[in-house]
Amino acid sequence: MVTIPEPDADARAHSDALREGIRQFIAAEGGRIPFSKFMELCLYAPGLGYYSAGARKFGAAGDFVTAPEIGSLFAQCVAEATAPVLSQLGGEGDFLEIGGGSGAFAADVLQAFEAQGILPRRYKILEPSADLRERQAERVRDVLPTHLAERVEWLDGPISESWRGVVFANEVIDALPTTRFVIGDEEVLEEYVELDGENFTITTQPADALTAAAVRSVELRLDAPLPQGYRSEILPQLPYWVQAVIGPMAAGVLLFADYGYPRRAFYHATRSDGTLRAFRRHHVVSDVMAWPGLQDITASVDFTALAEAGTDAGFSFAGYCTQADFLIANGLEKFATLAEGACADEVARLRIREQVKRLTLPSEMGERFQVMGFSHQVEFDAAFLLGDRSYSL
């Protein structure tokens, strides 16, 4: 059994401060809050939440590794897929990244666009964390030449005026505060967090009308109703979130990469306790209420729900495939060969090959992560020419 190192004194103090803040919030709300609100506070509470505070999250020194942190190949393939869209928009297209991570993707994809001879008019990052904004800005300043760094700007909220371009989100939807539900005897129940002395505990209450309707709608599309006692997650707010983050887009594409399943697999009988888990120091933590602010809380994505949200927002469905197939279809072999050719020694070439393996092997990110795209007034189907899985939605 792997033992995760205990937090040091400073980290404990940080977590204790957030824990106390959540306790006070629960008390002020009458003694209980929906689990989704608890998750929101753990991840995004100003100055203390996991994504709002200063602890390192990405890469080997953090809690998890995202595809852009592995190397530049991922961003080069995304640029290959979306550069034709920018070309169709005639130089008037912007690139909007939802949640900029460490800034690695922004730096790599802008260089990849320049190598292809086309750049977005502006590169916009919608990032709620002030700490991550600072890190992204530092990465952009340190890595990019001035003429590229000057194209990057950070938004305080979704774009409000009509615009054209690309929306890209990598591992964002899995971090949206999720509703947890339980199938009761004759009704849908929702999980709440209450206080049990100094500790947090899960209880259930009848779900509100929105959540109950969302769960029953899911059941209608499954082969059989969910059995009593079945617990899982649902994002009834997902259609509204998609429409909010894209703003009034007149033309362009949406591109999402994340881990998850089509609906029938997401709500499979073997997942009778859902997909919720936490990550700390590259290990899965089953107790999502332990160490608030020090661990990432996440749930897998229902890609069928995402497909519905994108088309409900007025976009055409462009494609759905594994991350491996998406990258291979969009130039991975070409970019890896070029990168190896530029390496000074065999050690550097081995790093490129390792990057390809981590991005594409089924045991790594290749199949656990999927990619889904949507388009409006532009062509985007060419980005999904390999390994179509839309039949499974």
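Salt bridges come first on this tour: counting a side-chain nitrogen of Lys or Arg within 4 Å of a carboxyl oxygen of Asp or Glu, the total comes to 22 salt bridges. The model is a predicted one, in which local features need pLDDT of at least 70 and side-chain atom pairs count only at pLDDT 80 or more, while totals for chains, interfaces and linings use all residues. Residues are numbered from 1 along each chain as its sequence is written, and side-chain values use heavy atoms, with hydrogens and water left out.

Select R121 and D94, which form a salt bridge whose closest N and O atoms are 2.7 Å apart. R121 lies in the loop between α5 (104-115) and β3 (123-126), whereas D94 belongs to strand β2 (residues 94-98), so the pair ties together parts that are 27 residues apart in sequence. Helices here are DSSP runs of H or I with at least four residues, strands are runs of E with at least two, and the numbering starts from the N terminus.

Next, select residues 188-196 and 199-206, the antiparallel strands β7 and β8, which are joined by 8 bridges; strands count as paired if DSSP finds at least two bridges between them. The two strands form a hairpin with 2 residues between them, and G197 in the turn has a positive phi of about 70°.

Move on to the open sheet of 3 strands, ordered β12-β11-β13 with antiparallel pairing. Its edge strands, each pairing on one side only, are β12 (283-285) and β13 (296-298), and the twist averages 35° from one strand to the next. Between β11 (residues 277-280) and β12 there are 3 bridges, and selecting R280 together with H283 shows one pair of bridge partners.

Finally, select helix α9 (residues 238-246) and helix α11 (residues 303-312), which pack at an angle of about 50° with their axes 9 Å apart. The axes are lines fitted to C-alpha atoms over the stretch in contact, and angles run from 0 to 180 degrees between N-to-C directions. That angle makes α9 oblique to α11, because angles under 35 degrees count as roughly parallel, over 145 as roughly antiparallel, 65 to 115 as roughly perpendicular and the rest as oblique. To display the contact (heavy atoms within 4.5 Å), select L238, P239, V242 and Q243 of α9 with A305, L306, A309 and D312 of α11.
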